[in-house]
Amino acid sequence: MQVSMASTQGVGTANEDTVHVSPTGVVVLDGLSAPKDLPMGCVHGTPWFVRQLGTTLINLIGDDEVSLREALRSAIAEVNDLHRDTCALDQEAVPASTVVMIRERGYFLDYLVLSDNVLVLDLGTAGIKTIVDKRVEEVAADEMRAALQGPTGTPEHAARVSQLVTVQRRLRNKPGGYWIAATDPAAADEAITGSVELARVQQAALLTDGASRLVDSFGALGWAELLTLLRTEGPVALITRTREAELADPVGERWPRFKRSDDATAAYVSALQEGAR
């Protein structure tokens with residue numbers, strides 16, 4: 001496979017997204033921001049967590065005998081071992097990340113999606129297939145509506161976002177809540193997984209929600225147009241267009257959101273090779 005990618009920081013103090021690529025796999029992670037006024041049980045922080053998790057995952061999925069769910073379960077456990085002696089991993093306030101990854105395996109493309117990253121697959125005459133896990137949007141509905149009320153960048157807005165995160169932490173990786181990669185390896189069992197014949201896949205995109213918002217939040221593009229932009233101009237152009245739209249609506253009046261601009265990561269995949277392994 002051929003992969004082009006870009007990742008840029010939003011309004012936070014660090015880019016909490018990460019992307020990892022191997023000859024047959026791609027892993028994209030979006031770390032959950034932790035409001036400064038809320039506790040955090042890990043001394044390392046979210047950027048460290050997503051780097052460790054991504055590096056571990058891209059190595060594990062190189063083994064075709066390991067399913068993507070098994071790889072995610074093992075990766076979470078391995079990262080736990082890296083900081084269980086220094087951090088309070090039994091608390092709700094620990095780093096967490098969404099996950100989207102793909103892997104060429106013989107004549108198939110395997111995929112896994114956990115939480116609200118987006119995988120876009122161009123299946124040619126069968127159309128475009130999007131895979132996304134929206135369970136996080138189905139919990140804490142009242143707090144989410146309040147957190148989306150603008151204007152962004154104000155103390156009042158920040159307080160509403162903190163309240164949303166507080167409630168979401170209580171519902172994370174629990175029945176009736178939503179699932180995400182944090183400290184519980186069992187979250188891997190809740191991921192959306194599948195396989196598609198490589199011969200059917202013309203191109204693919206792996207996106208964090210900061211890079212998919214031109215389609216799913218702003219309605220400025222369709223998925224086919226997004227893929228065309230990625231193919232003809234590349235991931236940097238997609239993120240540039242996203243930043244331009246955000247700057248045109250800086251306080252979230254037209255497009256309500258949690259912050260003016262989010263970390264944005266896009267990986268565009270082409271030239272998938274059937275039976276390459």
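Which side chain meets that of Asp110 in a salt bridge? Arg103 does, at 3.1 Å from N to O; a salt bridge is a side-chain nitrogen of Lys or Arg within 4 Å of a carboxyl oxygen of Asp or Glu. This is a predicted model, in which local features need pLDDT of at least 70 and side-chain atom pairs count only at pLDDT 80 or more, while totals for chains, interfaces and linings use all residues. Residues are numbered from 1 along each chain as its sequence is written, and side-chain values use heavy atoms, with hydrogens and water left out.

**Salt bridges**

- Side chains of opposite charge can pair when their charged atoms come close.
- The whole structure holds 12 salt bridges.
- Asp110 is buried at 5% relative accessible area, and Arg103 is buried at 2% (buried means under 20%, exposed over 50%, partly exposed in between, with a 1.4 Å probe and protein chains only).
- Asp249 pairs with Arg257 at 3.1 Å, N to O, and both residues are buried.
- Asp81 pairs with Arg84 at 3.1 Å, N to O; Arg84 is partly exposed, at 45%.

**Positive phi values**

- Most residues other than glycine have a negative phi.
- Asn173 has a positive phi near 55 degrees and lies in the loop between helix H4 (155–171) and strand E8 (192–197); helices (H or I, at least four residues) and strands (E, at least two) are DSSP runs, numbered from the N terminus.
- Asn173 is buried, at 12% relative accessibility.
- Ala271, in the segment after strand E10 (264–270), has a positive phi of about 55 degrees and is partly exposed, at 35%.
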